[in-house]
Each structure stands twice: as structure tokens, then as C-alpha cells.
Amino acid sequence: MNTTKEKIFITKPFLPPKEEYFKYVEKIYENDILTNQGPLLKELEEKLSSYLGVKNFQYVTNGTIALQIALKALGIDEGEVITTPFSYVATTSSVLWQGCKPVFVDIEPDNFTIDVNKIEEKITSETKAIMPVHVFGYACDIEGIQKIADTYGLKVIYDAAHAFGSVYKGKSLLDYGDISCCSFHATKLYHTVEGGACVVKDDEVNKKLDLIKRFGCVGEEHFTLGINAKQSEFHAAMGLANFPYIGKIIARRKEISQMYDKALSGLVQRPKRQEGLEYNYAYYPVVFKSEDELLKVFEMLNEEGIYPRRYFYPSLNKLPYLSERQSCPISEDITSRIANLPLYPNLKDEAVERIANIVKEVL
Ligand SMILES: *Cc1c(COP(=O)(O)O)cnc(C)c1O
């Protein structure tokens, strides 16, 4: 057991220089406004929507509530939602929380996004929407999904929690579908401690979502059933302080990913990058040959105080509280063998080499 070295976890949230955050906190004290669509939140929304090149950008409390109010704003509170089993639990739970049934479509073995060729066979008269995930920042088959949605009159809500900073065919990956939902949680590439966003295509739906996120009312006038998804000025302050570092964060993640690539090429399976995708380097997933191999690598890394993560695991079609068993053999296989290696801007070159060498040795 190596006790002298600092422990290395899968990720470590980026923190801006204190003074830069405090400068925004001082503004909060001056403005004397803490929440309810305050001036810092407005400033952050403007900066992020222009950085992403999108309109109708709604900053909310987290990525999970973003998914839930996206479904709500599109009027989806019953029936079936086609989704992927290879994601974080929030994708499935938001569908269930909205009173809908998640219908799982298995994934592509190449890049772990929903398999567009298996969607149509799962469509029934109850199907209302498709909720795919841009897994690890890789793009789904956007054209294929949209074509099916248009044919069957379905809504498309992207769980784009990993997609911030990825660009597909010249547009932000958040600019596709009826609504794209992002997460700005502390562990994500760009964060505001907790936070999320909805990017909404249609102006009317956008207005509705804007109402839903603040109790469905304006003053004493009540228009629709809402919830509280408003974000605070302190979170917006962290977002503003982190904003100037987005380019640097992505560049450093790219450097680290390329170091891993060089060391591990041929030893592990990596996701296939789509043509037309400028990748954001949000994660460094590796697929091992077997679960045994993964467990051996984990054991050796853990001994050295290094903690990668099984992500995603388990396959969401296996959640114990689902009422019905649905089979997704590819997702079940990949989840048993996939892990993410540590990747964050402050990870040192020596640490990357050390991690890569240990993995190499075991393999
Ligand atoms: C992080 C994440 C979410 C949830 O976002 P929160 O901001 O943590 O609520 C949803 N889906 C995926 C794929 C995620 O990784």
C-alpha cells in the first residue's frame, strides 16, 4: 500500500481562484438579491447561450430537474418514453418520476449510445417521446433519431448532461432535439457546484418551461402546475467565475486523454468518435476484455491509492424498482466491463503516466 502519495479519484472539481469567485459574491452583496432570476443568473444565461450559440437557454437547479421539467413542458406525463439503459440513474428516474414507463432500447457496441436501428420495434400507441443520452460527450445518431421522431410524431429530449463543449456538425451538441438537458454538477466538465440547463427549440414550449420552473405562476396569477427549479445567485457566481476557464479545462483534458491514448492504445476498447464531432474530452472510458480483467486493474490501482469508477454500472434496465424486466444484452455486457479513468484539469502528467503504467502492467 502506497501511503505517501495523495489519493487520486475519478475526478476532482475545478475551482477558480478564490478572488475571482469572491468578486462575484461581492456583487451579490451589493445587489442584495439572492435568487429568483437575479442579475448574475441573467448574466450567466447570456454568456452560456452565446458561448453555445443557442437560444432559449434556461439555467436551473440541476440536471435531473432539467429532465423532469423538460418532459413536463412537452406535456409528457403518461405513456411510454423510449430511452437507453446505459446512463446515469437520473435518465430513468426522471421518466418514472413523471409517471411514464421507460422502454429500454439497447445500445451501439461502438460508442454506447442508443441503437437507432432498434428504436422502431419498441414504438407502440403509448410512445410519447425518445430520451437518448450523448454518453460521455459522444453524439447519438441525431439524424436517425430525428427521422424516427418525425415519422411517428414523437418528441426528442436529449439527456445532454455530458455534452457541454462538444460540437457536432458546427453546432453545439446541446442544440439538437426538442429539448436538450445539461448538468453543471461539480463533477461535470463545466460546473456551477449544482446546476443544470434546458435548451428549448420551440418558443412556446420555452415560455411554458420558464413558468414551470418557478411554480407555474407570476405573482398571484397561476397558469400551470409548476415546481421550484430556480437557481441561486451564489451558484450563478461560481458559474461566472468558472466561465473564463472552459477553454483551458477542455484543452488540459484533451492533453491527458492523448497521454492515455498513447499508453493504452490496442489494450482497451475506446468509444468510436463520430464524423463531424468535435469532442469535449469529458470522460476517459475504457472497456476491458472481461469483468475479471476490470476487477484486477481496479485492485492494482486501489492498492496505489487510485480510484477509477465503474461508470455506468449497473445497466439501468436492471434497476430493482422497475415493474418489468426488459433485456438489453449489449448494455449489460458493456456495463460489466467499462470503467472511467481519472481525468480532471489538475491531474499531473506523472499521475497519468503512473495510472497508465499500472493498467498496462495488469493487461
Ligand atoms: C450527472 C448526470 C445527470 C444528472 O445531473 P445532476 O445535475 O447531477 O442532477 C443526468 N444524466 C447523466 C447522464 C448524468 O451524468
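## Strands, cavities and salt bridges in a predicted model

Ile 82 stands opposite Val 103 in β4. The chain runs from β3 through helix α4 (residues 89-97) to β4, a β-α-β crossover that is right-handed. Right-handed means that, with the strands pointing away from the viewer, the path from the first strand over the helix to the second runs clockwise. Strand β3 covers residues 80-83 and strand β4 residues 101-104; they pair in the parallel sense over 4 bridges. Two strands count as paired if DSSP finds at least two bridges between them. Helices (H or I, at least four residues) and strands (E, at least two) are DSSP runs, numbered from the N terminus.

This is a predicted model, in which local features need pLDDT of at least 70 and side-chain atom pairs pLDDT 80 or more, while totals for chains, interfaces and linings use all residues. Residues are numbered from 1 along each chain as its sequence is written, and side-chain values use heavy atoms, with hydrogens and water left out.

An open sheet of 3 strands has the order β8-β7-β13, with antiparallel pairing. Its edge strands are β8 (171-172) and β13 (277-278), each pairing on one side only. Strand β7 (residues 167-168) pairs with β8 over 2 bridges, in the antiparallel sense. Here Val 167 stands opposite Ser 172 in β8.

**Salt bridges.** How many salt bridges does the model hold? The count comes to 19. A salt bridge is a side-chain nitrogen of Lys or Arg within 4 Å of a carboxyl oxygen of Asp or Glu.

| Pair | N to O distance |
|---|---|
| Lys 171 and Asp 175 | 3.8 Å |
| Arg 270 and Asp 261 | 3.6 Å |
| Asp 333 and Arg 337 | 2.8 Å |

Burial is judged by relative accessible area: buried is under 20%, exposed over 50%, and partly exposed in between (1.4 Å probe, protein chains only). Lys 171 counts as partly exposed because its relative accessibility is 33%. Asp 175 has 19%, so it is buried. In the next pair, Arg 270 is partly exposed at 24%, and Asp 261 is partly exposed at 33%.

Asp 333 and Arg 337 both lie in helix α10 (residues 329-337), 4 residues apart, about one turn of the helix. Asp 333 is partly exposed at 35%. Arg 337 is buried at 14%. Elsewhere, Glu 45, Asp 210, Lys 213 and Arg 214 are linked in a network of salt bridges.

**Cavities.** The model has 2 cavities of 30 Å³ or more. A cavity is a set of points, on a 1 Å grid over the protein atoms alone, where a 1.4 Å probe fits but cannot get out; lining residues have an atom within 4 Å of a point. Points are joined across faces, edges and corners, and a volume is the space filled by probe spheres set on them.

The largest cavity has a volume of about 60 Å³. Its lining includes Thr 11, Phe 14, Lys 188, Leu 189, Arg 253 and Pro 345. By class, that lining has 6 nonpolar, 3 polar and 3 charged residues. Ala, Val, Leu, Ile, Met, Phe, Trp, Tyr, Cys and Pro count as nonpolar, Asp, Glu, Lys and Arg as charged, and the others, Gly among them, as polar.

The second largest cavity has a volume of about 50 Å³. Lys 188 and Leu 189 line this cavity too. Its other lining residues include His 162, Phe 164, Asn 280 and Tyr 283. By class, the lining has 7 nonpolar, 3 polar and 1 charged residues.

Definitions and conventions
1 Å grid on protein atoms, 1.4 Å probe; cavity = no way out; pocket = protein on both sides within 12 Å on 5 of 7 lines; lining within 4 Å.
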